[in-house]
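Colleague: I would like to learn how to read a structure that is new to me. Please take me through it feature by feature.

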Amino acid sequence: MSNHPDQGYPNTAAEARDFLDSLTFDEDAPEPDLPGPDTPVTVLRTVRLPYAMDQRIRAEADHRGVSMSDLIRDFLTIELSALDDDTPISRADARRALSAALANLSPAHHRPR
């Protein structure tokens with residue numbers, strides 16, 4: 001089979017036929033389990049972010065030891081929860097609640113000062 005400069009794919013019908021004929025299949029290989037009916041469905045969304053925001057999210061995800069996708073899902077969950085409970089609170093109450101929440105985080109989540 002001739003090689004394309006970047007890949008080892010067949011370039012002609014004859015090469016493709018030779019390649020397919022060289023494949024072997026294991027009929028005894030276990031089949032992977034399919035997800036159950038209660039498995040949550042996820043949806044892929046493409047979102048354009050400003051570069052600086054992307055870098056901040058990446059840095060925060062690295063700091064927390066999670067993927068960017070997990071962090072963005074957490075951010076969206078928090079914001080959607082806030083939409084469900086739109087009772088206004090004072091800035092002082094918000095700061096007290098945030099300080100209490102931060103004090104209860106594990107040391108891995110504390111930001112260096």
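Predicted model: local features only at pLDDT ≥ 70, side-chain atom pairs only at ≥ 80, totals over all residues.

Colleague: What share of the residues counts as buried?

Modeller: Buried means under 20% relative accessible area. Of the 113 residues in the protein, 6% count as buried.

Colleague: Which residues make the nonpolar surface patch?

Modeller: Phe 19, Leu 20, Leu 23 and Phe 25 make a patch of about 430 Å². Take Leu 20, which sits in helix α1, residues 13-22. Leu 20 counts as exposed because its relative accessible area is 54%, and the cut-off for exposed is over 50%.

Colleague: Now the salt bridges. How many does a search of the whole structure find?

Modeller: Side chains of opposite charge can pair when their charged atoms come close. The search of the whole structure finds four salt bridges. One of them joins Arg 58 to Asp 54, with 3.6 Å between the closest N and O atoms. Both residues are in helix α2, four residues apart, which is about one turn of the helix.

Colleague: Is Asp 54 buried or exposed?

Modeller: Asp 54 is buried, because its relative accessible area is 18%. Arg 58, at 38%, counts as partly exposed. Apart from neighbours within four places in sequence, Asp 54 is in contact with Leu 49 and Met 68.

Colleague: Which residue forms a salt bridge with Glu 60?

Modeller: The partner is Arg 64, at 2.7 Å from N to O. Glu 60 counts as buried at 10% relative accessibility, while Arg 64 is partly exposed at 34%.

Modeller: In helix α3, Asp 70 and Arg 73 are three residues apart, about one turn of the helix. Their side chains meet in a salt bridge of 2.4 Å, N to O. Asp 70 is partly exposed at 33%, and Arg 73 is partly exposed at 48%.

Colleague: What is the volume of the second largest pocket?

Modeller: Its volume is about 500 Å³. The lining of this pocket has 15 residues, and the closest to its centre are Arg 45, Val 47, Ser 69, Ile 72 and Leu 76. Helices α2 (51-64) and α3 (68-84) are the elements that give two or more residues to the lining. Helix α3 gives the most, with six residues.

Definitions and conventions. Residues numbered from 1 in each chain as written. Heavy atoms only, no water. Patch = residues over 30% accessible without salt bridge, like charges linked within 9 Å, V, L, I, M, F, W, Y side chains within 5 Å. Areas by Shrake-Rupley, 256 points an atom, 1.4 Å probe, with all protein chains shown as cover. Buried < 20%, exposed > 50% of the residue type's maximum accessible area, 1.4 Å probe, protein only. 1 Å grid on protein atoms, 1.4 Å probe; cavity = no way out; pocket = protein on both sides within 12 Å on 5 of 7 lines; lining within 4 Å. Points joined across faces, edges and corners; volume = space filled by probe spheres on them. Contact = heavy atoms within 4.5 Å.
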